[in-house]
Amino acid sequence: MNNTKEHIYSILAEVTDPEIPVLTILDLGIVRDLICTQDNEIEIIITPTYSGCPAMDAIAFDIKLKMIEAGFTKVKITYTLSPAWTTDWMTASGKQKLNEYGIAPPINVSSRMNKLLFDEDENIPCPHCGSTHTKLLSEFGSTACKALHQCMDCKEPFDYFKCH
Amino acid sequence: MKNENLINGVLHIADTVLILGQRNAAWCAHGPILEQDIAITNITLDLIGQARNFYQYAALLINEADNKNETEDTLAFLRTERDFKNLLICELPNGDWAQTILRQFFFSSFQQLMYQEMIKSSDNQIAAIAAKSIKETNYHVKWSSEWVIRLGDGTDESNQRMKNAIEYLWQYTGEFFIAAEYEIIDVAALKNDWLEKVKSIFDEATLSIPENTFMQTGGKTGVHTEHLGFILPEMQSLQRNFPGAEW
């Protein structure tokens, strides 16, 4: 059996986020490591995005399913919390896919350090029309990882994958 | 028991964030407007997620020390009032939006300072959970601070409601800084920073800190208000009626 890391990563590249199906778990940066033991057991180490992210259990299940389909029956999923996940680990192609899907991708974490009260992330480009004339509606959106914004030009509301 | 203080310290934080999460969850579909309903329930999700991480760690420590079979679920759903070590402020009723907001602001501001210290812990798992959680808590502090200002410096009605909330909740804030024997960090040392944070937000909100108030204690040692006795049967009913049930 082909248990090279490259091959296993190519299998994991087919596992998508259940809430944002255009993103794979590799795009999200939640796969932290792979360990292949001699008796063909594969340990996959993943980290949650948010502490309470309900997608994690579904993702672990989907990983096992894809691995079984590919012929790997001994698969162990391990969770790690450290170092804490950050949106800076999201791949460039993942950010592009998010934007095309209608969710504004996260800007760099450093840009939101020392944010003052009532300060808003400025210039989050609208994923529909590209305008940067947008405003924050709520810092808590449809899932833990998203905020709700609105475009002042095309008037469409949109999700923003917030920095973390 | 080996590690008894560490286990109790972890359970104290787990219970505290779980009970506050349970309280906030009652706002689901009842928030004043849709966006804020979603905000408070997102905060709930973060708190319950943090509780899971702490309970999982507590279960690991207990099982290592005592050869038991505890899980995050047995710790959350099969312990009784006297076992729960949550801060009293978390078990109080939600009251109106002002009371819910003010409690969140008091607690999140404390929790932010607490996690800042826990990140430095020599216990790797404590440090990892704190580093993960503080990113979420930073959002909670910003959101609740803004609401305290918005309501305090809002209309006569919203200002009065904030004053009522302060009058009721202030007496439960002293417990943050009175150390139990099992405390993971030096909580007393956080008091000045917390007071400064509250004062800066209250100044903008045209609110003031009460003086010389009697402070309630007991939660950390399992001596609770009557409210916890009503929260637990509701929260635990599924596991009590169908032991071991899973989704």
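Where in chain A is the place of A:K155? A:K155 sits in the loop between β6 (146-151) and β7 (157-161) of chain A. This is a predicted model, in which local features need pLDDT of at least 70, side-chain atom pairs count only at pLDDT 80 or more, and totals for chains, interfaces and linings use all residues. Residues are numbered from 1 along each chain as its sequence is written, and chains are lettered from A and ligands numbered from 1 in the order in which they are written. Helices (H or I, at least four residues) and strands (E, at least two) are DSSP runs, numbered from the N terminus.

- Most residues other than glycine have a negative phi, and most peptide bonds are trans.
- A:K155 is not a glycine, yet its phi is positive, at about 70°.
- A:K155 is exposed, with 10 other C-beta atoms within 10 Å; a residue is buried if 20 or more other C-beta atoms lie within 10 Å of its own, exposed if 12 or fewer, and partly exposed in between, with C-beta atoms placed from the backbone.
- B:T206, also not a glycine, has a positive phi of about 55°.
- The loop between α8 (191-204) and α9 (228-241) of chain B holds B:T206, and B:T206 counts as exposed with 12 C-beta neighbours inside 10 Å.
- A cis peptide bond, with omega near -5°, runs from A:S82 to A:P83.
- A:P83 lies in the loop between β3 (75-79) and α4 (92-101) of chain A.

**The β1-β2-β3 sheet of chain A**

- Three strands of chain A form an open sheet with mixed pairing, in the order β1-β2-β3; two strands pair if DSSP finds at least two bridges between them.
- β1 (31-36) and β3 of chain A are the edge strands, each pairing on one side only.
- On average, neighbouring strands of this sheet are turned by 20° against each other, direction ignored.
- β1(A) and strand β2 (residues 42-46) of chain A run antiparallel and are joined by five bridges.
- A:V31 has A:I46 in β2(A) as its bridge partner.
- Helix α3 (residues 55-69) of chain A packs on the sheet and touches β2 and β3 of chain A, and its direction makes about 155° with that of β3(A). Axes here are lines fitted to C-alpha atoms, for helices over the stretch in contact, and angles run from 0 to 180 degrees between N-to-C directions.
- A:L65 belongs to helix α3 of chain A and is exposed, with 12 other C-beta atoms within 10 Å.
- The C-alpha atoms of A:L65 and A:V15 are separated by 9.3 Å, although these residues are 50 residues apart along the chain.

**Strand β7 of chain A and its partners**

- Four of the five residues of β7(A) are buried, and the strand is mostly covered.
- β6(A) and β7(A) pair in the antiparallel sense over five bridges, with A:L148 opposite A:D159 in β7(A).
- The hairpin formed by β6(A) and β7(A) has five residues between the strands, and A:K155 is in the turn.
- Strand β4 (residues 103-104) of chain A runs parallel to β7(A), joined by two bridges.
- A:D159 in β7(A) is the bridge partner of A:I103.

**Domains of chain A**

- Chain A is divided into domain 1 (5-85) and domain 2 (89-161); the domain bounds come from an automatic or database domain assignment.
- The C-alpha centres of domain 1 and domain 2 of chain A lie 26 Å apart.
- In chain A, 12 residues of domain 1 are in contact with 12 residues of domain 2, where contact requires C-beta atoms, placed from the backbone, to lie within 7 Å.
- The side of domain 1 of chain A that touches domain 2 of chain A has seven nonpolar, three polar and two charged residues. Ala, Val, Leu, Ile, Met, Phe, Trp, Tyr, Cys and Pro count as nonpolar, Asp, Glu, Lys and Arg as charged, and the others, Gly among them, as polar.

**Contact between chains A and B**

- Chain A gives 18 residues to the contact and chain B gives 22 residues.
- The side of chain A that touches chain B divides into 10 nonpolar, six polar and two charged residues.

**Helices α6 and α7 of chain B**

- Helix α6 (residues 124-152) and helix α7 (residues 156-169) of chain B pack at an angle of about 125°, with their axes 7 Å apart.
- That angle makes α6(B) oblique to α7(B); angles under 35 degrees count as roughly parallel, over 145 as roughly antiparallel, 65 to 115 as roughly perpendicular and the rest as oblique.
- B:V148, B:L151 and B:G152 in α6(B) meet B:S158, B:N159, B:R161 and B:M162 in α7(B).
- The residues of this contact of α6(B) with α7(B) are three nonpolar, three polar and one charged.

Conventions
Contact = placed C-beta atoms within 7 Å.
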